[in-house]
Amino acid sequence: MPYSVDDLAEQAGVSVETLERLSSRLPAGAGHLYVQRIYRKKHGGIREVYKPKMAFHFVNKNLHRSFIELLSYQAPDHVHGFVRGRSTVSNAKQHLAKACVLRMDLEDFFPSIRAEIVKASLMEQGYEEKAADTAVNLVTIGGKLPIGLSTSPFLSNLAFLGTDHSLSEYAQSEGLSFTRYVDDLAFSGDVTDRHSVEIARILDDAGWSVNTRKTAFMRCGGPQYVTGLYVGDSGGPRIPRKVKRKMRWILHVISKFGYDTYVEEFGGSSERMTRRRLLGWACYIAAVEPEVGYPLLRAFDELVPDEDEEDLDYLEIIT
């Protein structure tokens, strides 16, 4: 079924005139439609993150829902990022107690997805050219897929679909387990240097760049981590020990000196480990290791005071 500009406007929840006005204003980087924040990466370079303002956020959210509901994209079984019912845990479970785990990371994943790639992906899904052009202007900023818009995660999976199939077929032919979580690729089994070279060639041929600084071979008997979880135990993924030690230490400090003292004198403020984040971490640990996470969750909930509305607004900005 072809999708026209009229269909796109209906999906966005606005008139055609409003949609086209937004579409014409966004490519130049209209600051009144979004806020841009720039962060320095740990190993050099910058990351641009965009937060849409209300009117644009409304349209972008509606487009995101319509893409999921109307387009024929089905996430391959090995894709675990931005897929309902899948997570870092389901991703890591595919690599338990393997002889070797190869982790490869893609360089600047979202920004490397150019407007023309998004347009081609939408037209393959049935968008008429004018509708595709209009949609592309609404979901890209500066000619690339931005971090921070609701539509970007789904569109990144859609744009990577062809490469997903190529990598999956390769892994299957080599007897390797393969998963992708956003830009984090993991291959496990009897992995060798040859596999790393051939996988990099597949990615390069498809127009993607490997972040070689993050390529790692993790062999049995040593540290093996996939999407931040230890996978060397056949019983299931585990939270890294240093994370559990850190959380227990924070809990000890709060129970002994109080939450305010922890925030002001023990690094809570500088590390932004506020109530919401502490509870979020405890929830995550509980999802992976319930016997560890649930006691932490109960303890933090009892010991850490509720935040007022002003604090919550601040957290929305920094998280």
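Colleague: By class, which residues does the lining of the largest pocket have?

Modeller: The lining has 13 nonpolar, 5 polar and 13 charged residues. Nonpolar here covers Ala, Val, Leu, Ile, Met, Phe, Trp, Tyr, Cys and Pro; charged covers Asp, Glu, Lys and Arg; the others, Gly among them, count as polar. Bear in mind that this is a predicted model: local features need pLDDT of at least 70, side-chain atom pairs count only at pLDDT 80 or more, and totals for chains, interfaces and linings use all residues. Residues are numbered from 1 along each chain as its sequence is written, and side-chain values use heavy atoms, with hydrogens and water left out.

Colleague: What volume does the largest pocket have?

Modeller: About 1200 Å³. Of the 31 residues lining this pocket, the closest to its centre are Lys 41, Arg 47, Asp 105, Asp 183 and Lys 214.

Colleague: What radius of gyration does the chain have?

Modeller: It is 22 Å, and that agrees with a compact globule of 319 residues, which would be near 20 Å. The radius is taken over C-alpha atoms, and the globule rule is 2.2 Å times the number of residues to the power 0.38. Along its principal axes, the C-alpha trace spans about 60 × 55 × 35 Å. Over 50% counts as exposed, and anything in between is partly exposed.

Colleague: What pLDDT does the chain average?

Modeller: The average is 91, and 94% of the residues score at least 70. pLDDT is the predictor's confidence in each residue, from 0 to 100.

Colleague: Where does pLDDT stay under 50?

Modeller: Over residues 309-319. The model has 11 contacts there beyond four places in sequence. A contact means heavy atoms within 4.5 Å. Where pLDDT is low, the predicted coordinates should not be read in detail.

Colleague: New topic. Is Leu 63 buried or exposed?

Modeller: Buried, because its relative accessible area is 0%. Leu 63 sits in helix H3 (54-70). Leaving aside neighbours within four places in sequence, Leu 63 touches Leu 8, Gln 11, Ala 12, Leu 138 and Thr 151.

Colleague: Where is the place of Gln 11?

Modeller: In helix H1 (5-12). Gln 11 is buried too, at 13% relative accessible area. Beyond four places in sequence, its contacts include Tyr 3, Asn 62 and Tyr 127.

Colleague: How many Å apart in space are Tyr 181 and Asn 91?

Modeller: 7.0 Å, C-alpha to C-alpha, though they are 90 residues apart in sequence. Tyr 181 lies in strand S4 (177-181), and Asn 91 is in helix H4. Asn 91 is buried at 1% relative accessible area, whereas Tyr 181 is partly exposed at 25%. Asn 91 has His 80 and Thr 227 among its contacts. Tyr 181 is also in contact with His 80 and Thr 227, among others.

Colleague: Last one. What is the phi of Ala 97?

Modeller: Near 50°, a positive value in a residue other than glycine. Ala 97 lies in the loop between H4 (88-92) and S3, partly exposed at 41%. Arg 272 also has a positive phi, about 55°, although it is not a glycine. Arg 272 is in the loop between H11 (259-265) and H12 (275-288). At 37% relative accessibility, Arg 272 counts as partly exposed.

Methods:
1 Å grid on protein atoms, 1.4 Å probe; cavity = no way out; pocket = protein on both sides within 12 Å on 5 of 7 lines; lining within 4 Å. Points joined across faces, edges and corners; volume = space filled by probe spheres on them. Helix = DSSP H or I, 4+ residues; strand = E, 2+ residues; numbered from the N terminus. Buried < 20%, exposed > 50% of the residue type's maximum accessible area, 1.4 Å probe, protein only.
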